[in-house]
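Here is a short briefing to read alongside the model. Have the sequence and the 3D view open, and let's walk through the fold together.

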Amino acid sequence: MRHFKRTDGKDKDFMENCRLLDMDLDRRVGKKIKREKYQKYNQLDGIKEAIVVYEDNQAIGGGAIRRYDDENVELKRVFVHTQYQGRGIGSELVTLLMEWAVELGYQRMLLETGELLAESCAVYKKLGFQVIPNYAPYTDMPESLCMAKDLERRYGKTDGIEKCDSSA
């Protein structure tokens, strides 16, 4: 049974998921990109909204959002454990984070990834994110790929969670 838990950047399961994400990134792109320059932008202490994904009470993924400015929120630290990838869990996780961002009043979601992370780019594009010029602090990092999506407000119920829509 799969469930998603809202938490923050201090959650032990979320912190462990971020450690696994860093290991995965080191393995996949560490020889091509000096990843240490990104560390200061991936600190967990500023994360107040995170979601951990569980399957059969075992943490299998997670992600977070962090305020960028009054209108924009940044998607951070999204990772689904390798053996669970390809099942739509990442898409569901990002969708839940977008819904949470709407609840908090944000109008647009930003994210930074890299062209070397083709699977991640495909998920984000499928969810409607579009490539934008690199935003600060990634403006002088050519290996970064920045994307954004305008957030939509909807009324309705999904999984027992009330959602609202200002366009209805």
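**Sheet and cores at a glance**

S1 and S2 run antiparallel and are joined by six bridges. Strands here are DSSP E runs of at least two residues, helices are H or I runs of at least four, and both are numbered from the N terminus; two strands count as paired if DSSP finds at least two bridges between them. This is a predicted model, in which local features need pLDDT of at least 70 and side-chain atom pairs count only at pLDDT 80 or more, while totals for chains, interfaces and linings use all residues. Residues are numbered from 1 along each chain as its sequence is written, and side-chain values use heavy atoms, with hydrogens and water left out.

**The sheet**

- Seven strands make up an open sheet of mixed pairing, ordered S1-S2-S3-S4-S5-S7-S6.
- Its edges are strand S1 (2-7) and strand S6 (130-132), each of which pairs on one side only.
- Neighbouring strands are turned by 30° against each other on average, direction ignored (axes are lines fitted to C-alpha atoms, for helices over the stretch in contact, and angles run from 0 to 180 degrees between N-to-C directions).

- Seven of the seven residues of strand S2 (residues 49-55) are buried, so the strand is largely enclosed by the rest of the structure (buried means under 20% relative accessible area, with a 1.4 Å probe and protein chains only).
- Glu49, Ile51, Val53 and Glu55 point one way from S2, while Ala50, Val52 and Tyr54 point the other way.
- With strand S3 (residues 58-67), S2 pairs in the antiparallel sense over seven bridges, and Val53 stands opposite Gly61.
- S2 and S3 form a hairpin with two residues between them, and Asp56 in the turn has a positive phi of about 50°.

**S5, S7 and helix H3**

- Strand S5 (residues 108-114) and strand S7 (residues 144-150) pair in the antiparallel sense over seven bridges, with Leu111 opposite Met147.
- Helix H3 (residues 118-126) lies across strand S4 (72-80), S5, S6 and S7, running at about 160° to S5.

**Nonpolar cores**

- In the largest nonpolar core, of 26 residues, Leu75, Met109 and Phe129 touch the most other members (a core is a set of buried Ala, Val, Leu, Ile, Met, Phe, Trp, Tyr and Cys residues joined through side-chain atoms within 4.5 Å).
- S2, S3, S4, helix H2 (89-103) and S5 each give two or more residues to this core, and the largest share, nine residues, comes from H2.
- Apart from it lies another core of eight residues, among them Phe14, Ala50, Ala59 and Ala64.

Key. Contact = heavy atoms within 4.5 Å. Buried < 20%, exposed > 50% of the residue type's maximum accessible area, 1.4 Å probe, protein only.
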